[in-house]
Amino acid sequence: MHPENQTTDADREFIAGLKDSYRGIEVSPVDVDVLHASARRTDHRRVAVGGAALLAAAAVTVAVVTMPWGGAPTPPSGPVAGPLVVQEQPAISEAWPSRSRSDWMRYADVVVVAKVTAEHETGTYGAGDGSGEVAVGREVDLEVSEVLWSRGLGEAPTEVVGVSTAGWLDRPGQERARIAVDGVPRLELDHSYVLALRDTDNCGDAGGGSGWEVLGSSAAWPADSGTVGVGESGGRQVDGDADQAVPGSWEQQMMNRPVSEVRQALRAAEPADRVSDPC
Amino acid sequence: MDADFDSFYATAAPSLQRLAVALTGDVHAASDLTQDVLVKLLRAWDRLHVDNPHAYARTMLVRQVATSRRTGFLHRERPTAEVTPIGVVADFAELAAESDRLVAALRKLPPRQRQAVVLRYLEDLSTEQTAEAMGCSSGTVKRAAHDGLNSLRNQLTEPAER
């Protein structure tokens, strides 16, 4: 039997010890009354709960404005300036699978080409360790130039919707830095992307959000000038190098191809039922 | 329904926070993530028809952590330099110290290994349930859990005991 499938007595003993330690993790209950009040009083998530700051980036909203079908290609934009804090994530986890075309067919509700036209601050999250660091959430406006594929359930973005994107980091006495995750587009102004989005308004969807969210780390592709892989990723200018994509991903296969081929591939793909979360 | 939610909250909140701490290694972020999940649940509570709201909330939390990581929100997440080996637990104070060491050791794992170990071994999910929550295959879970457990053992066990 392969070692990955074996659990020895020593493993079980070790795991039992880990469980004791796990159960001993101290937690501080949140204020349930405030929790109720903030949830009911407003559409905002949390205004001020127990002194904790807003969950910034996990709740970042992206406004999507649709444009007529088949808009003109976006001209390439220059590199993005300013300090950058890049988070290394060699084994990034996913909210939903996004590496393959079949992942997109099963988990996404719509795939669009969109350009970032504006950005806004949302909530903040203080580090709480005395360093004074504050992460600032970010909201961007996307202008959709083309819907490449839609599940056909009326979910195509025709109104303001919500997804998550990376924000900024404020440190005392320092210029504001952009937060980015290595190899993941942070959705910069004037750049275009292919985006696989999921409608999380669905009751019974454990995304639990309200609006649109990017599926995962391989669901936003740079696409300036209508070419996959060219544009912004990780806060930097990228030029379609195969190494910039998740190894073995569909994005890597489509690198440097025109967006029109993505559209063709999606529309030629075997239809798949939407994977909902088990309840 | 509010009474239902209150009852759910009373039992779920501590375990969700514990899970969030284990997944993020950051008590402040864990608190925020837990609150965010609970607010979302409360808002959807009346139209939510699930057999197991605890499992549902756990999946929401795992996804919330994943989203936060993808967007760089958990930018402060970084490995700790050293992890003290776990010894014999003698009292509550020592148990708390052991828990701190566990959290520190978990922070040194790559995200996927950390998720797999926490969900599979500490939350006692099946391989399939873990795969569902992580959004990956069962094979990936097995590999990540195996590698993560070995890494934890290397970090937390005295050299003489290995």
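A residue is called buried if 20 or more other C-beta atoms lie within 10 Å of its own, exposed if 12 or fewer do, and partly exposed in between, with C-beta atoms placed from the backbone. By this rule, buried residues make up 56% of the 162 residues in chain B. This is a predicted model: local features need pLDDT of at least 70, side-chain atom pairs count only at pLDDT 80 or more, and totals for chains, interfaces and linings use all residues. Residues are numbered from 1 along each chain as its sequence is written, while chains are lettered from A and ligands numbered from 1 in the order in which they are written.

**View 1. Chain B is built from 7 helices and 0 strands.** Helices (H or I, at least four residues) and strands (E, at least two) are DSSP runs, numbered from the N terminus. Along the sequence, the pattern of chain B reads α-α-α-α-α-α-α. Two residues are in contact if their C-beta atoms, placed from the backbone, lie within 7 Å. Among contacts in chain B between residues at least 6 apart in sequence, 64% join residues at least 24 apart.

**View 2. Helix H5 of chain B spans residues 111-122.** H5(B) has 12 residues. From first C-alpha to last it reaches 15 Å, close to the 16 Å expected at 1.5 Å a residue. That expected span is 1.5 Å times one less than the number of residues. Of the 12 residues of H5(B), 12 are buried, so the helix is largely enclosed by the rest of the structure. Among them are B:Arg112, B:Gln113, B:Val117, B:Leu119 and B:Tyr121. B:Asp124 follows the helix, and its phi is positive, near 60 degrees.

**View 3. Helix H2 of chain B covers residues 27-44.** H2(B) has 18 residues and reaches 26 Å between its first and last C-alpha atoms. This is close to the 26 Å expected at 1.5 Å a residue. The helix is mostly covered, with 14 of its 18 residues buried.

**View 4. The largest nonpolar core has 89 residues.** A nonpolar core is a set of buried Ala, Val, Leu, Ile, Met, Phe, Trp, Tyr and Cys residues joined through C-beta atoms within 7 Å. A:Val111, A:Val194, A:Leu195, B:Ala22 and B:Leu61 have the most contacts inside this core. Its largest share, 10 residues, comes from helix H1 (residues 2-24) of chain B. The core also draws at least three residues from each of domain 1 (1-77) and domain 2 (79-162) of chain B. Those domain bounds come from an automatic or database domain assignment. Beyond its neighbours within four places in sequence, A:Val194 is in contact with residues including A:Val111, A:Leu148, A:Trp221 and A:Val262. A second, separate core has 8 residues, including A:Ala135, A:Ala166, A:Trp168 and A:Leu169.

**View 5. Chain A contains 5 helices and 11 strands.** Of its 279 residues, 46% count as buried. Residues 24 or more positions apart account for 73% of the contacts in chain A with a separation of 6 or more.

**View 6. Helix H1 of chain A runs over residues 9-23.** H1(A) has 15 residues and reaches 21 Å from its first C-alpha to its last, close to the 21 Å expected at 1.5 Å a residue. Its buried residues are A:Phe14, A:Ile15, A:Leu18, A:Ser21 and A:Tyr22. Seen down the axis of H1(A), they fall within an arc of 115 degrees, so they line one face of the helix. The arc is that of the directions from the helix axis to the C-beta atoms. The face turned away from the buried side carries the exposed residues A:Asp9, A:Arg12, A:Glu13, A:Ala16 and A:Arg23.

**View 7. Strand S7 of chain A has 8 of its 8 residues buried.** S7(A) spans residues 192-199. Both its faces are covered: A:Ser192, A:Val194, A:Ala196 and A:Arg198 are on one side, and A:Tyr193, A:Leu195, A:Leu197 and A:Asp199 are on the other. Two strands pair if DSSP finds at least two bridges between them. S7(A) runs antiparallel to strand S9 (residues 220-222), joined by 3 bridges. There, the bridge partner of A:Tyr193 is A:Pro222. S7(A) also pairs with strand S8 (residues 212-214) in the antiparallel sense over 3 bridges. In S8(A), A:Val214 stands opposite A:Leu197.

**View 8. Strands S5 and S6 of chain A pair in the antiparallel sense over 2 bridges.** A:Trp168 stands opposite A:Arg178 in S6(A). In S6(A) (residues 177-181), 4 of the 5 residues are buried, so the strand is largely enclosed by the rest of the structure. The hairpin of S5(A) and S6(A) has 6 residues between the strands, and A:Gly173 takes a positive phi near 75 degrees.
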